[in-house]
Amino acid sequence: MEMKLSVANIKSKISYADKASQEMIDKAIKENIEIVWNRYEKMQPQCEFGSLGLCCKNCNMGPCRIDPFGNGPKQGICGATVDTIAARNIARMVAGGAAAHSDHGRDIVETLLMASQDEKSAYGIKNEEKLKVMASLYDVETEERDIREVAGDVAKKMFEEFGRQEGEMVMPITAPPKRVKLWKELEIMPRAIDREVVELMHRTHIGVDADYKNIMKQSMRAALSDGWGGSMIATELSDVLFGLPDPLRSTVNLGVFDKDYVNIVVHGHEPTLSEIIALVAMDEKMTKKAQEKGAKGVNIGGICCTANEILMRHGIPVAGNFLQQELAILTGAIELMVVDVQCLMPGLKNVAGYYHTNLVTTSPKAKMPGFQHIEFHENRALEIATQIVEQAIENFPNRKNPEGVYIPSVTERLIAGFSSESVYKFLGGKYRATYRPLNDAIIQGRIRGAAGVVGCVNPNVEYEKLHIEMIKELIKNDVLVVSTGCSAITCAKYGLLQPEAAFKYAGQGLQEVCRAVGIPPVLHLGSCVDNSRILKVLTNVVAEGGLGDDISDLPVAGAAPEWMSEKAVSIGMYFVASGVYTVIGKPLPMMGSVNLYKYLTDEIENDVGGKWAFEEDPIEAAHMMIRHIDKKRKALKLKPMIYEQPFKPEE
Ligand code: SF4
Ligand code: MSK
C-alpha cells in the first residue's frame with residue numbers, strides 16, 4: 001500500500017521531466033530501488049514549524065517552537081519572538097551558503113598559490129590577462145615580473161579577503177560606485193569573508209541580536225562577502241588557472257554515457273580535480289588500458305556544478321543536474337563516481353549498492369559512509385587523478401549484469417561557455433568589444449530586459465517544470481535569460497541553449513538580436529559560484545551607460561524557482577542587497593513571521609533597491625519579473641517595446 005501511494009505521488013512530481021529521467025525513475029520503481037523522490041514521500045508530512053521558520057534549537061533550554069495561530073507559546077523560553085527566531089534561521093542559512101561558496105573560493109586561491117610556487121604543478125596560469133587585471137585590483141606590481149611571482153602575490157592578497165582584521169574587502173569595490181557608496185552608508189560593505197560569516201553566527205547565538213532587521217542587515221553583509229567576494233574570487237581565479245570559457249558546443253543528459261566505455265561521473269563543485277581527471281581520461285595510455293579490459297575507452301560525464309566547470313572550458317558532456325545523480329548510477333554503466341564538495345547525496349550509497357559502481361570521496365571536508373576515500377592534494381593532482389581513472393578501468397569487467405545495463409538514448413545539443421567577457425564580444429560584435437549594442441537593444445525596446453534564472457532542482461515541486469515554464473515565458477516576452485548551476489543544465493536538456501530556441505520560443509525583438517549575433521535566448525554562464533559573472537554583466541551594463549547609474553535602476557530580475565540549498569539563500573540575499581528583484585518558488589522558511597515577511601518582500605527595497613518575492617506558479621512568477629522590468633523601463637523613460645503585438649513563433 002505504502003509503495004503504491006508513493007509511486008503515484010512520485011509520478012505526479014515527474015510528469016514534466018525529461019524522457020531520460022522519467023525512464024530511469026521508472027527503472028528505480030520497477031527494481032524497487034529507493035531514490036530521492038521515495039525519501040521525499042516518506043518524509044511527508046514535513047514539520048510545519050520548520051517550514052514556517054518557527055522552530056529554534058539554538059540553545060539547550062530549547063528546542064522551542066512558536067504557535068502562530070493557536071493558544072500555544074508566542075515566545076521561546078529565552079523570550080525570543082517569532083521575528084527573532086525566523087530571522088535567525090534565515091541568517092544561519094545565509095551563513096551556511098556564504099561559507100560553502102567562499103570556502104570553494106579559498107581552495108582555488110590555495111591552488112593558485114601552489115601553482116605559483118611549484119614549477120612542476122599540474123596547474124599553470126592559463127589566462128595571464130585576467131591575472132593582470134586581478135593584480136591591478138589588488139595593487140600587485142606586474143611590470144617586468146615573472147608571471148608566477150605575480151600569481152603568488154595575487155594569491156596572498158586574496159587570502160587577506162578572507163581574514164582581514166581592518167578595513168574592507170577589495171573585490172566588492174568593482175560594483176558600480178553608487179552601489180558601493182550605498183553599502184558603506186548602510187554599513188553593509190563586507191570587511192572580510194570569514195569575519196562576516198563568524199559575526200553572523202555570533203549574532204544568532206542565544207542572547208545576542210534579537211532585532212530581525214538588524215539580523216537581516218548582517219545577513220546581507222555576509223551574503224555580499226560571498227557574491228562579491230568568495231564566489232567572485234572562485235570564478236576569477238578559475239578563469240586564471242583553467243582559462244576563460246568561450247562559447248562552445250556540447251551535449252547533455254544521461255545518454256552521454258556509452259555502455260562500451262568505462263564511464264566515470266565527476267560530481268560536486270570544484271574544478272581542481274575534475275579538470276585533471278578529464279585530462280588523464282583523454283590520455284592514450286588510459287584508452288589502451290581500458291581496451292585491455294574490454295572497453296573502447298574512457299568516457300567522462302559530469303553532474304551538478306563540477307559538470308558546468310568542465311563543460312564551460314572543455315565542452316565535456318553533462319550527464320545531468322542535482323536530481324540525476326542517483327539516476328546516473330541506475331544505468332548500471334557507471335564504473336566510478338568521484339565527488340568533491342556540495343550537493344552530494346549520501347543516499348548514493350544505497351543505489352550504488354545494487355550495482356558495481358565505486359563511490360569515491362576526495363575532500364577531507366566531505367567524507368561519506370560507504371564511500372571509499374582517496375584524498376585529493378593539489379600537489380599530487382596528476383598522480384591521484386590517474387589512480388582514480390585506473391580504478392574505474394579496473395572496475396569495468398565487474399558490471400553485475402552487463403545485459404541489464406540501460407542507458408536512455410536521450411541527449412540534447414547545447415551551447416555553453418558564456419562569460420561577462422564573451423557577452424562583451426558577442427553582443428558587441430566582433431570588431432569592438434562593448435556592451436553598447438546590448439544596452440541599445442534594451443533602450444530601443446528590442447530586448448525588454450534581462451533575467452538571471454538560476455539554482456537547484458527540488459523534489460518538493462514538479463521536477464524542472466518551474467524553470468522551463470518560467471524561462472519560456474520570459475523569452476517569449478523578449479527578456480534575455482542568463483542561467484547558471486542546475487537551472488542551466490535543465491535549460492540545456494530542453495534545448496533552450498541552442499540558437500534555434502530563439503526561433504521557437506522567443507519574442508520577435510529578442511529573436512532578432514539572437515539571430516543577428518547567433519546566440520541562444522538563454523546564455524549558460526557557468527556554475528553556482530559563477531553567479532558572480534551575472535553581477536559582472538550587470539556592472540558592465542551600468543558602466544556602458546544609458547540605463548541608470550546603479551544595478552537597481554536596470555530592467556532586470558532574478559529567480560531561483562526550484563531552490564533547495566543554503567547557497568541559494570545566500571545568492572538570493574546578495575542579489576537583493578545588490579538591488580535586484582528576486583523571485584523564488586517556495587518561500588524562505590520564515591512565513592510564520594509577518595514582520596520579517598513584510599521586511600524581506602517590501603520594506604527592504606527602501607534600503608537596498610532590491611527585494612524578495614515568493615511565487616510557485618512559474619508563469620505568474622515570470623510575469624511578476626516582467627512587471628518589475630517594465631516598471632524599471634518606465635522609470636528610465638525608455639521607448640515602448642518595438643513589437644507590441646503578440647508574436648507567432650516560427651514552426
Ligand atoms: Fe528556545 Fe531561545 Fe534557546 Fe532558541 S535560543 S532554543 S528560542 S531558549
Ligand atoms: S549544483 S547548489 S543543486 S544549483 Fe551547484 Fe545545483 Fe543547487 Fe547544487
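Asp 239 and Lys 130 are both buried, a term that denotes under 20% relative accessible area, with exposed meaning over 50% and partly exposed in between (1.4 Å probe, protein chains only). The two residues form a salt bridge whose closest N and O atoms are 2.7 Å apart; a salt bridge is here a side-chain nitrogen of Lys or Arg within 4 Å of a carboxyl oxygen of Asp or Glu. Asp 239 belongs to helix H10 (residues 212-242) and Lys 130 to helix H6 (residues 128-137), so that the pair links distant parts of the chain, 109 residues apart. Helices (H or I, at least four residues) and strands (E, at least two) are DSSP runs, numbered from the N terminus.

The model is predicted: local features need pLDDT of at least 70 and side-chain atom pairs count only at pLDDT 80 or more, while totals for chains, interfaces and linings use all residues. Residues are numbered from 1 along each chain as its sequence is written, chains are lettered from A and ligands numbered from 1 in the order in which they are written, and side-chain values use heavy atoms, with hydrogens and water left out.

The closest N and O atoms of Glu 236 and Lys 536 are 3.3 Å apart. Glu 236 is buried at a relative accessible area of 5%, and Lys 536 counts as buried at 17%. Both of these bridges fall within a network of salt bridges that links Lys 130, Glu 236, Asp 239, Glu 309, Arg 313, Glu 421, Asp 530, Arg 533 and Lys 536. In total, the structure holds 52 salt bridges.

Another of these bridges joins Lys 289 and Glu 390, with the closest N and O atoms 2.6 Å apart. Lys 289 lies in helix H12 (residues 284-292) and Glu 390 in helix H16 (residues 381-395), and the pair links parts of the chain 101 residues apart. Lys 289 is partly exposed, at 36% relative accessibility, and Glu 390 is likewise partly exposed, at 27%.

Two members of the network, Glu 309 and Arg 313, are among the buried residues of H13. Ten of the eleven residues of helix H13 (residues 304-314) are buried, so the helix is largely enclosed by the rest of the structure. H13 is followed by Gly 315, whose phi is positive, near 70°.

The buried residues of H13 also include Cys 304 and Cys 305, and these two cysteines are part of the surroundings of ligand 2. The shell divides into eight nonpolar, three polar and one charged residue, where Ala, Val, Leu, Ile, Met, Phe, Trp, Tyr, Cys and Pro count as nonpolar, Asp, Glu, Lys and Arg as charged, and the others, Gly among them, as polar. Ligand 2 lies between domain 3 (254-404) and domain 4 (417-635), because both give residues to its shell; the domain bounds come from an automatic or database domain assignment.

Aromatic contacts come next. Rings of Phe, Tyr and Trp (its six-membered ring) pair if their centres lie within 6.5 Å, and planes under 30 degrees apart count as stacked, over 60 as edge-to-face and the rest as tilted. By this rule there are six aromatic pairs. Trp 37 and Tyr 463 form an edge-to-face pair, 5.4 Å centre to centre with 65° between the planes. Trp 37 is in helix H3 (residues 36-42), whereas Tyr 463 is in the loop between strand E11 (449-453) and helix H19 (465-476), 426 residues apart. Both Trp 37 and Tyr 463 are buried. The rings of Tyr 597 and Phe 614 have centres 6.1 Å apart and planes at 45°, so this pair is tilted.

The backbone has further features to inspect. Most residues other than glycine have a negative phi, and most peptide bonds are trans. A cis peptide bond joins Gln 44 and Pro 45, with omega about -10°, and Pro 45 is in the loop between H3 and helix H4 (48-51). Asn 253 has a positive phi, near 105°, and counts as buried at 2% relative accessibility.

Key. A residue is near a molecule or strand if one of its heavy atoms lies within 4 Å of it.
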